Amino acid sequence: MTAKPESVRNRRDTETGTILMFMVNQAAKQVLSIDTVEGLLQEHGILPTQQRLLIAAVLLERQQHLSADQVMHLVNGHEHLVSKATVYNTLGLFAKHGLIREVIVDPARVFYDSNTSSHHHFYNIDTGELTDIDSGSMEVTELPVTPAGTIAAGVDIIIRVRRAPAAT
């Protein structure tokens, strides 16, 4: 990758750093440095643009499950910094490159998970909350035979839960 002229890099770092710092101060969360986020994107073969840096910083500040709308709200706040199309396209790119996991709980509900280690999920139908299940607490002992010419690429288990009815 060719180095950017120092004046361009400093301007981008200053602008992005200000936005990142504002977002972090608003949410009282730990700051990921621009260099750390940029390094993670590069490690996953993703060109670090300003919008991608902002979206990655929001997603990777801690282990969490966010919808695209939640990411857009956290990135933009009260300003329009990143378009909806850019957020969706970037989340798809991040998932494709393994930076995050895409968790489809139903056809109308998708979460983006910053925890890419092997684990499963509880999805609370009542609250819409997605929580991690340690993969060590569940054992998949046998998979069915895959169709000809294919191999299993992974197993995602989502256990849907809801509030138990009150005892009468």
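The structure is a predicted model, in which local features require pLDDT of at least 70 and side-chain atom pairs count only at pLDDT 80 or more, while totals for chains, interfaces and linings use all residues. Residues are numbered from 1 along each chain as its sequence is written, and side-chain values use heavy atoms, with hydrogens and water left out. The protein chain has five helices and six strands, where helices (H or I, at least four residues) and strands (E, at least two) are DSSP runs numbered from the N terminus.

**Overall architecture**

- Along the sequence, the elements of the protein chain follow the pattern α-α-α-β-α-α-β-β-β-β-β.
- Of the 168 residues of the protein chain, 31% count as buried; buried means under 20% relative accessible area, exposed over 50% and partly exposed in between, with a 1.4 Å probe and protein chains only.
- Among contacts between residues at least 6 apart in sequence, 50% join residues at least 24 apart, a contact being heavy atoms within 4.5 Å.

**Packing of α3 and α4**

- Helix α3 (residues 50–60) packs against helix α4 (residues 68–76) at an angle of about 110°, with the axes 10 Å apart. Axes are lines fitted to C-alpha atoms, for helices over the stretch in contact, and angles run from 0 to 180 degrees between N-to-C directions.
- The angle therefore makes α3 roughly perpendicular to α4. Angles under 35 degrees count as roughly parallel, over 145 as roughly antiparallel, 65 to 115 as roughly perpendicular and the rest as oblique.
- The crossing of α3 past α4 is right-handed; a crossing is right-handed if the near helix is turned clockwise from the far one by less than a right angle, and left-handed if anticlockwise.
- On α3 the contact is made by Leu54, Ile55, Val58 and Leu59, and on α4 by Val71, Leu74 and Val75.
- The residues of this contact of α3 with α4 divide into seven nonpolar, no polar and no charged. Ala, Val, Leu, Ile, Met, Phe, Trp, Tyr, Cys and Pro count as nonpolar, Asp, Glu, Lys and Arg as charged, and the others, Gly among them, as polar.
- Eight of the eleven residues of α3 are buried, so α3 is largely enclosed by the rest of the structure. The buried residues of α3 are Leu53, Leu54, Ile55, Ala56, Ala57, Val58, Leu59 and Leu60.

**Packing of α4 and α5**

- The axes of α4 and helix α5 (residues 84–96) come within 10 Å and cross at roughly 120°, and the two helices are therefore oblique to each other.
- Here too a handedness is assigned: α4 passes α5 in a right-handed crossing.
- Ala68, Asp69, Val71 and Met72 of α4 meet Lys84, Val87, Tyr88 and Leu91 of α5. By class, this contact of α4 with α5 has six nonpolar, no polar and two charged residues.

**Sheet β1-β3-β2**

- Three strands form an open sheet in the order β1-β3-β2, with antiparallel pairing; two strands pair if DSSP finds at least two bridges between them.
- The edge strands are β1 (65–66) and β2 (101–106), each of which pairs on one side only.
- β1 and strand β3 (residues 109–113) pair in the antiparallel sense over two bridges, and histidine 65 has aspartate 113 in β3 as its bridge partner.

**Sheet β5-β4-β6**

- An open sheet of three strands has the order β5-β4-β6, with mixed pairing.
- β5 and β6 (158–161) stand at the edges with a single partner strand each, so one side of each is left without a neighbour in the sheet.
- Neighbouring strands of this sheet are turned by 25° against each other on average, direction ignored.
- Strand β4 (residues 119–124) and strand β5 (residues 130–134) pair in the antiparallel sense over five bridges. In β5, aspartate 134 is the bridge partner of histidine 119, and isoleucine 133 is that of histidine 120.
- The hairpin of β4 and β5 has five residues between the strands, and glycine 128 takes a positive phi near 75° in this hairpin.

**Selected buried residues**

- Leucine 41 lies in helix α2 (residues 34–43) and counts as buried at 0% relative accessibility.
- Not counting residues up to four places away in sequence, leucine 41 touches Ile46, Pro48, Arg52, Leu53, Ala56, Phe94 and Leu99.
- Serine 67 is placed in the loop between β1 and α4 and counts as buried at 14% relative accessibility.
- Leaving aside neighbours within four places in sequence, serine 67 is in contact with Val110, Phe111 and Tyr112.
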